[in-house]
Amino acid sequence: MAETETSEHGETNTKLKRSITTLLLFFFIVGDTLGAGIYTLVGTMAADVGGALWMPLLIALVLALLTAGTYAELITKYPHAGGAARYAERAFKKPFVTFLIGFMMLSSGITTSAALANAFAGDYFQALVPSIPSVPLTIVFIVLLVIINLRGVRESLMANVVATLIEMTGLLIVIIVAAIAFGGGVGSLENVTFASMPDGVSPLSGAFAASVTAFFSFLGFEAAANMAEEVKEPSRAYPRALFGAILTAGVVYLLIALGAGIVVPADVMAGSEGPLLEVINYSGIAFPQWLFAIIALVAIGNGALLFMVMASRATYGLAEAKLLPKVFGQIAPLRRTPWVAILVVGAATLGMSFVGDVGTLADTTVLLLVLVFISANISVLVLKEDKVDHKHFTCPRVVSVLALVASVVLLTQQSGTTWLIAGGYIVVGIILYLIARAARKGEAVGEVDLG
């Protein structure tokens, strides 16, 4: 494959318009990171650490910053769309490895959409319409996402900024309400200390167990790799936007963790599918629950749609690269959308929504993406000696090694159920890859015979 020309600041020749500034890229990453995860998973973390929610979030923040160092080097060194699968292709030159990384990425999108579909039908929606059963609501929600996806999703940077502002508004409301409530005598600082840990659980083991779920809330930065061909001066823009966005998300998350932990009893949070709504309930402040529930549902719905779009386009991309059966690459003649990939991803999302609860599915997403991050960390070390003709961010080897070690440690915290689900994905992926490979060989033989 011929290399494209690259400018001093990492701008390669591309058909796409370079219109994304550092500030817009920052908003894009913040929008992807400050997504639906924090709205749904605080309760799951509380089951492991009680009110000391800041501990797993702090561990997840450090891991995210270490991994971001690896991505900052890879993105600025190879400023092309494609993310971890493209880096694996360059580092290992093995089509199967490239496929596996890409398939785990699309699988994480399916699993995340399923987790958020379950969350959508949970306590936030029940706060608006309490009489609708969750299973039919989950099904209707996923079908609507598929219909929107089939019609074609016209996304713009302004829409991303608006979605980010809506999500951040909800989080700021929680922080402010919790602060006012604490100032008025609600809750206690003791609720966020080690004393709040569940009986028989040590602070360290609880924090590491919950860090798997906490890391789900920081996973948005990987998607930024796919914007590389539309960013102005990516070698400058990416490190600033990437680290700035993760630190911003980290500060917001830690404030949320402290506020929720102080105000809401840990056992109440642990049993809630809408844990941030409990902050409003326990604060004693007359803030309309229905309004906060709508904000949370907008965040959850937007996140589910974006991940479903990502998964369907990744499926289509692998089919185009002849790594999946070509049927997945079929395009609707009128809407020009990958309709087969969209329907398959929608069906898989629907099926996964019955496999596990929000916490289990979120942990599965983390497992899949941690495997992707391990590939990225190994790739950056393998490609250290690969020289390019433009300036780029250089991550110290020790940072990538630490990120690699931390990722492996995170894998040890996963449950057997999570490994089983991820293993199921990989088995299905291998079968599809072998089918595509057999079809390619058949086409090659046919071409020879016709010749």
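A: Start with a salt bridge: the side chains of aspartate 386 and arginine 90 meet, at 4.0 Å from N to O. Bear in mind that this is a predicted model.

Q: Where in the chain do aspartate 386 and arginine 90 sit?
A: In distant parts of the chain, 296 residues apart. Aspartate 386 is in the loop between H15 and H16. Arginine 90 belongs to helix H4, residues 83–92.

Q: Why does aspartate 386 count as partly exposed?
A: Because its relative accessibility is 28%, and partly exposed covers values between the buried limit of 20% and the exposed limit of 50%.

Q: And what about arginine 90, what's its relative accessible area?
A: Arginine 90 has 22%, so it is partly exposed too.

Q: How many salt bridges does the count come to?
A: Four. Another one joins glutamate 385 and arginine 397 through their side chains, with 3.0 Å from N to O.

Q: Where are glutamate 385 and arginine 397?
A: Glutamate 385 is in the loop between H15 and H16, and arginine 397 is in helix H16. They are twelve residues apart.

Q: Is glutamate 385 buried or exposed?
A: Exposed, because its relative accessible area is 58%, and the cut-off for exposed is over 50%.

Q: Are lysine 384 and glutamate 73 buried or exposed?
A: Both are buried.

Q: Switching topic: pockets. What volume does the second largest pocket have?
A: About 320 Å³.

Q: How many residues line the second largest pocket, and which lie nearest its centre?
A: The lining has 18 residues. Nearest the centre are Asn118, Glu273, Asp357, Val358 and Gly359.

Q: Which elements give two or more residues to that lining?
A: Helix H2 (37–49), helix H7 (134–151) and helix H15 (358–382).

Notes:
Residues numbered from 1 in each chain as written. Predicted model: local features only at pLDDT ≥ 70, side-chain atom pairs only at ≥ 80, totals over all residues. Heavy atoms only, no water. 1 Å grid on protein atoms, 1.4 Å probe; cavity = no way out; pocket = protein on both sides within 12 Å on 5 of 7 lines; lining within 4 Å. Points joined across faces, edges and corners; volume = space filled by probe spheres on them. Helix = DSSP H or I, 4+ residues; strand = E, 2+ residues; numbered from the N terminus. Buried < 20%, exposed > 50% of the residue type's maximum accessible area, 1.4 Å probe, protein only.
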